[in-house]
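The following note sets out, in numbered points, what may be read from the model shown below. Overall features are taken up before individual residues.

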Amino acid sequence: MAAFEDNYFEQGLRLLDGGDFDEAVAMFDRAIKLGLGDLAAIHVCRGEALAGLGRWEAAIESVNAALAIEPYLAAAYYERGLIRSQQGDFDLAINDYTMAIHIEPDFAEAYFSRALAYEERKRYAEAEADLTRALDLNPQELGAYEARGRVRAAHFNFDGAIADLSAYLRSGGGKQFDNHSETQGYLLILRAQRLLWRLIPKRGRGG
């Protein structure tokens, strides 16, 4: 029985990966009740499963429980940032991602997620800086090329946007994320916008 109990966390992780969030929560609850394993990590994963069920308040409480055990757990701040982003609380999410990065300066996923939150707040320069940092840390994060292309286009850096989106398609990002045709269409629009932008005198651009 002990060997089975010792695996509650691992079973919960498999269920979480498979999208069976209710059963994952049940397994994490058993591990927590028995005091088995890394309790802070279990609470974080439990929070992720609860978020998958749309139980936002309970998800936040679970991650807060992890931080009560281990106050400098970057993964907990990152997970709470993801939950808050899903709720639309982008300013609070940015604070959480920033804390995760403060604890782990090479946390590529936190830079990427913070950039998306910055984008929602139209803080494009900060978003671009974070996406560049995320790509420096993990050049295989193809989604960062697509996101940086959007951000660059938002502040009229059409050359940079086109370069990023072209790199995204060349690397297979469109197929990986099933948006190849949409990205191709967006590239055509950006090329047309770049041409128009070059034809408009600077004093008439409004910026």
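1. Of the 207 residues that make up the chain, 42% count as buried. The model is predicted, and the remarks that follow should be read accordingly.

2. Secondary structure and extent. The chain has 13 helices and zero strands. Its pattern, read along the sequence, is α-α-α-α-α-α-α-α-α-α-α-α-α. The C-alpha trace spans about 75 × 30 × 30 Å along its principal axes. Among the contacts in the chain with a separation of 6 or more, 44% are accounted for by residues 24 or more positions apart.

3. Surface and charge. The chain exposes about 11,100 Å², and carbon and sulfur atoms supply 51% of this area. There are 23 positive and 32 negative side chains in the chain. The centres of these two sets lie 12 Å apart.

4. Side chains of opposite charge can pair when their charged atoms come close. The structure holds 14 salt bridges.

5. Arginine 121 and aspartate 91. Arginine 121 lies in the loop between α8 (108-120) and α9 (124-137), whereas aspartate 91 belongs to helix α7 (residues 90-103), so the pair ties together parts that are 30 residues apart in sequence. Arginine 121 is partly exposed, because its relative accessible area is 37% and that category covers values between 20% and 50%. Aspartate 91, with a relative accessible area of 40%, is likewise partly exposed.

6. Arginine 150 counts as partly exposed at 27% relative accessibility.

7. Aspartate 164 and arginine 152. Salt bridges with shared partners join Glu128, Arg148, Arg152 and Asp164 into one network.

8. Histidine 43. Is histidine 43 buried or exposed? Histidine 43 counts as buried, because its relative accessibility is 13% and the cut-off for burial is under 20%. This residue is placed in helix α4 (residues 39-52). Leaving aside residues up to four places away in sequence, histidine 43 touches Ile32, Ser62, Val63, Ala65, Ala66 and Ile69.

9. A nonpolar surface patch. Which residues make the nonpolar surface patch of about 410 Å²? The patch is made by Leu195, Leu196, Leu199 and Ile200. Leucine 195 is placed in helix α13 (residues 180-199). Leucine 195 is exposed, because its relative accessible area is 53% and exposure is assigned over 50%.

How values were computed. Residues are numbered from 1 along each chain as its sequence is written. This is a predicted model: local features need pLDDT of at least 70, side-chain atom pairs count only at pLDDT 80 or more; totals for chains, interfaces and linings use all residues. Side-chain values use heavy atoms; hydrogens and water are left out. Patches are made of residues with over 30% relative accessible area and no salt bridge: like charges are joined within 9 Å, nonpolar side chains (Val, Leu, Ile, Met, Phe, Trp, Tyr) within 5 Å. Accessible areas come from the Shrake-Rupley method with a 1.4 Å probe; for residues, only the protein chains shown count as cover. A salt bridge is a side-chain nitrogen of Lys or Arg within 4 Å of a carboxyl oxygen of Asp or Glu. Helices (H or I, at least four residues) and strands (E, at least two) are DSSP runs, numbered from the N terminus. Buried means under 20% relative accessible area, exposed over 50%, partly exposed in between (1.4 Å probe, protein chains only). Contact means heavy atoms within 4.5 Å. Lys and Arg count as positive and Asp and Glu as negative; His and the chain ends are not counted. The place of a charge is taken as NZ of Lys, CZ of Arg, CG of Asp or CD of Glu.
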